[in-house]
Amino acid sequence: MHPAERATDDTRGPDGGPFGGLSLEHSSTVDRVADELRRAVFEGEIESGTPLREVALAESLGVSRPTLREALAMLVAEGLATREPNRGVSVASPDPESVRDVSRARTVLETAGLQHWPTASEDARNAVRRALADYEQAVADGASYQELNQRHLAIHLSLVGLTESPRLVAMAESIVAELRLALAQIDRVRRNARDQAGSHHHLLDLLDSGDIDGAVAELADHLGGAEDAIIERLDLE
């Protein structure tokens, strides 16, 4: 084990390179290393296509290479990174078809949730309300892009939760992980955060009023707009 893994560490890369801003607050574990790498990717600190060099990352994070290697394997398994023979691991790069496919999958899962609103338990309905309230609070608090992103996507996961199917929720969580990678690469100016909150409030109002068809149409418009924005801002076409 790397000596720094047994103590608090704020080691920076010796050359101040692309990984110099990464740090761990406490003793490192594979999970903690993976969390820090996810944070850097989702914040856009490490861009798509960046090679994740074992030596540089291990030194920056103050961990051993075997520990770093295990963390990278987790990111590869999650689709956040890719491994190529003789080239190592790099941050995955979204492509137009994958973005569209994620949008199609989200639409199917989240629409199923909306259609279950009339029969969903009150706990499941309240989870949607709490997720929206948490997002609004994050907007009011001027939260980081990463937190706003997480709380926004939590609203959409709560919609799938209306199905009360653990398998469908697990599928949605996997899809959301892919979407966060794409969102991490686009404009981080939070100019539309309040508009997003208003849009989701409208969706919830439609559900509460019993207008399920209207809610489904609102969701389709929201997800379609998000898909177009991601592709445009990533200049994928």
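The confidence of the prediction was considered next. The protein chain has a mean pLDDT of 84, with 85% of its residues reaching 70 or more. Confidence in the protein chain is highest in helix α5, at 95, and lowest in helix α7 (residues 166-183), where the mean is 86. Over residues 6-13 the pLDDT is below 50, although this stretch has 24 contacts in the model beyond near neighbours in sequence. Where pLDDT is low, the predicted coordinates should not be read in detail.

Helix α5 comprises the 19 residues 122-140, which at 1.5 Å a residue should span 27 Å, and this expectation agrees with the model because the end C-alpha atoms of the helix are 27 Å apart. The buried residues of α5 are A124, R125, V128, A131, L132, Y135, A138 and V139. Viewed down the axis of α5, these buried residues fall within an arc of 150°, and they therefore line one face of the helix. On the other side of α5, the residues D123, R130 and A140 are exposed. The helix is followed by G142, which has a positive phi, near 65°.

The largest nonpolar core contains 25 residues, of which L22, L37, L52, L57 and L68 touch the most other members. Two or more residues of this core are given by each of the elements α1 (30-42), α2 (54-61), α3 (65-77) and β2, and the largest share, amounting to seven residues, comes from α1. When residues up to four places away in sequence are not counted, L68 touches V33, L37, E54, L57, A58, L61 and V63. Apart from this core lies another, of 24 residues, among them W117, A120, L159 and A215.

Notes. Residues numbered from 1 in each chain as written. Predicted model: local features only at pLDDT ≥ 70, side-chain atom pairs only at ≥ 80, totals over all residues. Heavy atoms only, no water. Helix = DSSP H or I, 4+ residues; strand = E, 2+ residues; numbered from the N terminus. Expected span 1.5 Å × (residues − 1). Buried < 20%, exposed > 50% of the residue type's maximum accessible area, 1.4 Å probe, protein only. Arc of directions from axis to C-beta. pLDDT = per-residue confidence, 0-100. Contact = heavy atoms within 4.5 Å. Core = buried A, V, L, I, M, F, W, Y, C linked by side-chain atoms within 4.5 Å.
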